[in-house]
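Me: I would like to go through this structure with you. Could you start with the terms you will be using?

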Number of protein chains: 2
Amino acid sequence: MPNGPDSAKRLECGGLLALLLALGLLGAASVLAAEKALEKAPLIPPPPADFAQYLPAVGRLIQAATNSDLGFQRLAVLCDTFGPRLSGSTNLEGAIDWMLGEMKRDGLDNVRGEEVWVPHWVRGRESLELLAPIARPINLLGLGGSVGTPPEGIVAELLVVKDFADLQARRDKVKGRIVLFNQPFTSYDRTIIVRMRGAVEAAKAGAVASLIRSVTPFSMRTVHTGAMRYEEGLPRVPHAAISVEDAALLQRMQERGEPVVVRLKMEAVTLPDAKSRNVIAEVLGREKPDELVLVSGHLDSWDVGQGAMDDAGGCLAAWEAARLIRKLDLRPRRTVRVVCWVNEENGFRGARAYQADHRQELDKHLLAIESDEGVFRPLGFGFSGNDAAWARVRGMGSLLSGIQAGEITRGAGGGAADLHFLQQAGVPIMELRVDGPKYFWFHHTEADTVDKLSRDEFNLCVAALAAMSYVAADLPERLPQ
Amino acid sequence: MPNGPDSAKRLECGGLLALLLALGLLGAASVLAAEKALEKAPLIPPPPADFAQYLPAVGRLIQAATNSDLGFQRLAVLCDTFGPRLSGSTNLEGAIDWMLGEMKRDGLDNVRGEEVWVPHWVRGRESLELLAPIARPINLLGLGGSVGTPPEGIVAELLVVKDFADLQARRDKVKGRIVLFNQPFTSYDRTIIVRMRGAVEAAKAGAVASLIRSVTPFSMRTVHTGAMRYEEGLPRVPHAAISVEDAALLQRMQERGEPVVVRLKMEAVTLPDAKSRNVIAEVLGREKPDELVLVSGHLDSWDVGQGAMDDAGGCLAAWEAARLIRKLDLRPRRTVRVVCWVNEENGFRGARAYQADHRQELDKHLLAIESDEGVFRPLGFGFSGNDAAWARVRGMGSLLSGIQAGEITRGAGGGAADLHFLQQAGVPIMELRVDGPKYFWFHHTEADTVDKLSRDEFNLCVAALAAMSYVAADLPERLPQ
């Protein structure tokens, strides 16, 4: 959505501060000048003394990011030209080839695709028809990994339940029916349980297929896809999402005592694993090039919309951060490595392959960052690491207070899902935190398109990622691990 | 949309006040008691002395409306059972038959369908495919009354323009192309000009078809249909709407210099006029049954979604208002006549037929009311009539200050479109004004469904319509005309 006047205003102030920092501090380039400038702007907490030396470089990065068109234009070209990029699709491979070419043109180091074998699920045609009490089509979106139905479809009476507990309470009515989990949205983490495990619980109870109300706080008769799981030893039943509106319709019909009969058709099929690639590019460090800070997003998406928020924006912001560090010739002590992961959505095979292929150098990873909650106005970072590293990272965050993107909170989760394996290996991780209250309105739908993002907010994300990865890579002593 | 905490709170307060009015005033049932009650609530302006006698009746109507489930349940049954109700469709005729049966069951007087011949436009299958620079489907919704394309479709290069002025500026590029009017939403009234006249202007300039960006301030890749016109003596070119997202996509492609080619297929056809009916029911007046107050909504809708906001809600609220007047045995001096118009959306044939068939009694119409902006929390009424009537109507509005629905503003327009012909004949008209800021998000889309409405807000609309029509019908002297 277009941004309101508030965020535009904040942006202007942020841009102005960035410019002041950049102009005022580049000339003097001394801690003293930095401190004087900061005295004039008492609202901004001063960075610890050992970080103040980075104010000029951070100012230059912010200025370069907020005055650039290239990154956002490339984001639109990626989304418009290749569209959605599901693992195994030619769209994804086309996007990877294009990105590798552009990164080489930017003069980044060691640009390459690192092989990853990914699941290859293909949706095919699909439909849900209400047959009784009235005939009408219902919007449907199969969940990723679901099996299909027989070609003639499955015709069955529907049973609407609220959640797993309600399913248990009505267990005697489930056999031979299609179950609809009409669970209202609370938070994403709590609500996706029916999406992830609905087919398992439905099959356990004897259902022939499983439907869920789309996981979203808002709907325009919109269907949301997403990941799901089967369990060994249980029948694999088709599993799909319908809109909030249609779930409410079917609920009302059941409450009125009208028997509800539907026909579900899905051609969904899982093909043999396909070859894909994590996209990697670097700005090599000037002193210790084998030590590195990783900055990332994921390039794959679901097979609807453009995957603009989820997560072309994160990839492009990480890439653009590295490009600007390179362009400003801010070669840090250690390497900044951009990774655009594949297969975040349905398998984390990119993250797993990276972990396996780079196991010899995981201890050289000082910090890993991801942006995967939409490139909206950045607020700061969530951090997972030890206390000593936490203290250092907060100092680094204070360098971003000029654009109000410097708040470091404890804990990194959903926005850094690809970094899970690195975190397990002891690498401190961070997720970019953003002001995107409508993110889950669009998530995994045909409405996740680039027009929902703004150039100015994207550029602030670039600035935050560039500053954080540059400073972490350049610190005289590496982050405590 | 579910309502925020603010409106819920207002609702509770409104309900409480209504209850206090009803309980406190029913017992005493005197002007004195009413005035005392009002003294304790100084925020509510007291009604003029000659209206205070109506406080007990209004209190009873508010109490009955806000404690009822029936109207809202019927609204859901209508929407769920018959779905969208385009003029000429079996859905509309089924809804009319059902409504006539239920109205008779309610004991309303003179329940009947009055014959109206309506246009019969049928959408058929339709599609828009982007062929270059990339291949992808574009969401499409033909505009009501549009001609179709040849069966093989129309393949042409696209020209994106902003508005009619921009079309003129690029006039040399239009010939043989499909024009897309990518006009941003400002207000509904200003933005529908490209929907209404786009095909005319495109044809004048030599285009082979015309597309518009859907008329909406918000989109989830949602397409909005609506009315359009052709002009005698000009080629009739197909005219359809695409989503805001796809309009932005095609605009970006054009700006990048990428030639955009599309294939448009529409089976749309206009069949001979079909027979339909305005639904009419009455509470006959006890003294002057030939004089009447008309309260209305329109029963037809576009052929997508459920037409719940537009305008099943208005019909059901008008009907429920009459049912409650009847149920409480509040037989007014003059008749209250419910009218559920047909063909508001694409021809106003219901309104025209009524005007023609009732021309002998138009001077007996004291006041005509319509609700057609969604049955959200009512704010008051817009009024068109002379100054003397205006003063009286404001007094009547003060009776609704207990539910904060009594503000009377000057002018009735979009929410009383079916009353245009009555207004021309000198009848004072009113539209129900509501707090529905998201109305145009859902308007004429598949997302106009009953789950977006709330029982409590619907019931407040019923209360407002019931009170206003009852009091206007019962006044000792008829409203000045």
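Reply: Two residues are in contact if their C-beta atoms, placed from the backbone, lie within 7 Å. This is a predicted model: local features need pLDDT of at least 70, side-chain atom pairs count only at pLDDT 80 or more, and totals for chains, interfaces and linings use all residues. Residues are numbered from 1 along each chain as its sequence is written, while chains are lettered from A and ligands numbered from 1 in the order in which they are written.

Me: How many residues of chain A are in contact with chain B?

Reply: 19 residues of chain A are in contact with 19 residues of chain B. The copies meet through the same surface, because 100% of the interface residues of chain A are also interface residues in chain B.

Me: Which element gives the largest share of the side of chain A that touches chain B?

Reply: That is α9(A), with five residues. Both α5 (70-82) and α9 (244-255) of chain A give two or more residues to this side; helices (H or I, at least four residues) and strands (E, at least two) are DSSP runs, numbered from the N terminus.

Me: Changing topic, what is the strand order of the open sheet?

Reply: The eight strands of chain A run in the order β1-β10-β12-β11-β13-β16-β14-β15, with mixed pairing. Two strands pair if DSSP finds at least two bridges between them. The edge strands, β1 (109-122) and β15 (407-410) of chain A, each pair on one side only.

Me: And how many bridges join β1(A) to β10?

Reply: Eleven bridges join β1(A) to β10 (residues 269-283) of chain A, and the two strands run antiparallel. Val116(A) stands opposite Ser276(A) in β10(A).

Me: Back to α5(A): which residues in α15(A) does it meet?

Reply: Gly71(A), Phe72(A) and Leu75(A) in α5(A) meet Arg455(A), Phe458(A), Asn459(A) and Val462(A) in α15(A).
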